[in-house]
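Let's take a friendly walk through the helices and cores of this protein. Have a look at the sequence and structure first, and then we can go through them together.

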Amino acid sequence: SGHELQSSDLKKSSLDLCPSKLVPPFFNETQTPCFAIMRPTPLFVTSLITTHLKRSTPTTRASRSLFSTIRRDDGTIILSSSSDDASHPQHSASVILCHGLGDTAEGWVEPAKYLANQLPHVKFLLPTAPTQPVTINMGFSMPSWYDITGLDSRSNEVCKGLDESMDTILDLIEQETTTTIIAGRTKGTRDDATINGMDYSRIVLAGFSQGGALALYTGMTRHRPDDSQRGLGLAGIVVMSGYLPRSSSFQIAKGSESTPILHCHGRDDPLVLVEAVELSKNRVRALASDMGVRDDDLYQVKIYPGLEHSVSMEELDDVVRFLERVIPPLEENDACDARVMADPTLMSVRELREAVKRAGLEEKARGIFEKSELVDLLVQHSSNK
């Protein structure tokens, strides 16, 4: 049908490149099979760092940012900008950013740092897809959110493994929205600290290529774990060089029909042709309209001349502007209710020291050298708020 992604919309190739295949001056000009695991080139990293330095002035939020990075055993990377200003609030919004086929979370650390530098109130979570055989790449095993068996519309409807990957993303969302208790010295006493869960309206799903397809499908079709009749109702979705999978069976969950979407795409993309953008947009808009939503601006499209299957600095800047609009910084009092406070029990000593400084507890921490004592100090401070 007119709403489905046809075979001509996805050009035949065994590649689904991550950001390292960009047009000059930022990236390599040679294509490499994705099973070699493509990542941003040193030149791209240098360009990002140079841009950081040019844009960071004493009057900008970014100039006060320090990066805190946590790498989990499951391959998830958590990146946030902590401030050296104790009066600056901790993060009040979260972005879950999914990589493309053949890549890992590591391939998106530098672009995520660039975004975090502009958005110090946002925490970025970068999951890594499971390694599994991919049919279209001759059965080679590689990180993949779901199997791709072909490039015709029928193959695009199968996407074996997509449901399991959506569950992975939902687990991350649930971690962000769940209220938890950090036990103090004595469980069930005033030493226990309550950590407020993030509201769904302060979470954005984003992704590149296959990861963008995962973000779009998950964000628009899935329901909240505690309410099977209510869609996620996220702050927004960002799709970079992606498309809508399972188009013919795609249905929007009630409550998600008004979710803002930014779809970025290179005009010269040889792998996922630019025509796929319009087909994806038209399918989503048609269903949203049937549900009473007729705001054409909800699905925003950005096309970049000369850009192939990758990202550019201009595109990242457009993503920053979109995130600023859908998850703007909150006033400090509001932020306390909207953000998930970092769990001190999961922090390194350096991160604990930074948290102590932000909380204005440096005097109380003087003479403390044991990690457990720093944890207790932060837990006690949180419980007394």
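Which residue just after H5 takes a positive phi? It is Gly-292, with a phi of about 95°. Keep in mind that the model is a predicted one.

Helix H5 covers residues 275–290, and its length is a handy check: at 1.5 Å a residue, its 16 residues should span 22 Å, and the end C-alpha atoms lie 23 Å apart, which agrees.

## Where H3 meets H4

Now turn to helix H3 (residues 162–177) and helix H4 (residues 210–221), whose axes come within 10 Å and cross at roughly 70°. Because of that angle, H3 is roughly perpendicular to H4. By class, their contact has 6 nonpolar, 3 polar and no charged residues.

On the H3 side you will find Leu-162, Ser-165, Met-166, Ile-169 and Leu-170, which meet Leu-214, Tyr-217, Thr-218 and Thr-221 of H4. Setting aside neighbours within four places in sequence, Ser-165 is in contact with Trp-145 and Leu-214.

In soluble globular proteins, nonpolar side chains tend to be buried together. Here the largest nonpolar core has 45 residues, and those with the most contacts inside it are Ile-96, Tyr-146, Ile-173, Leu-216, Met-220, Phe-250 and Val-284. Two or more residues of this core come from each of strand S3 (93–98), H3, strand S9 (203–208), H4, strand S12 (236–240) and H5. A second, separate core has 35 residues, including Val-204, Cys-264, Val-320 and Val-326.

## Two serines with positive phi

Ser-209 sits in the loop between S9 and H4, and its phi is near 55°, a positive value in a residue other than glycine. Is Ser-209 buried or exposed? At 0% relative accessibility, Ser-209 counts as buried.

Ser-241 is found in the loop between S12 and S13. Although not a glycine, Ser-241 has a positive phi of about 55°, and this serine is buried, with a relative accessible area of 1%.

Notes
Residues numbered from 1 in each chain as written. Predicted model: local features only at pLDDT ≥ 70, side-chain atom pairs only at ≥ 80, totals over all residues. Heavy atoms only, no water. Axes fitted to C-alpha atoms, helices over the stretch in contact; angles between N-to-C directions. Helix = DSSP H or I, 4+ residues; strand = E, 2+ residues; numbered from the N terminus. Parallel < 35°, antiparallel > 145°, perpendicular 65-115°, else oblique. Contact = heavy atoms within 4.5 Å. Nonpolar A, V, L, I, M, F, W, Y, C, P; charged D, E, K, R; others polar. Expected span 1.5 Å × (residues − 1). Core = buried A, V, L, I, M, F, W, Y, C linked by side-chain atoms within 4.5 Å. Buried < 20%, exposed > 50% of the residue type's maximum accessible area, 1.4 Å probe, protein only.
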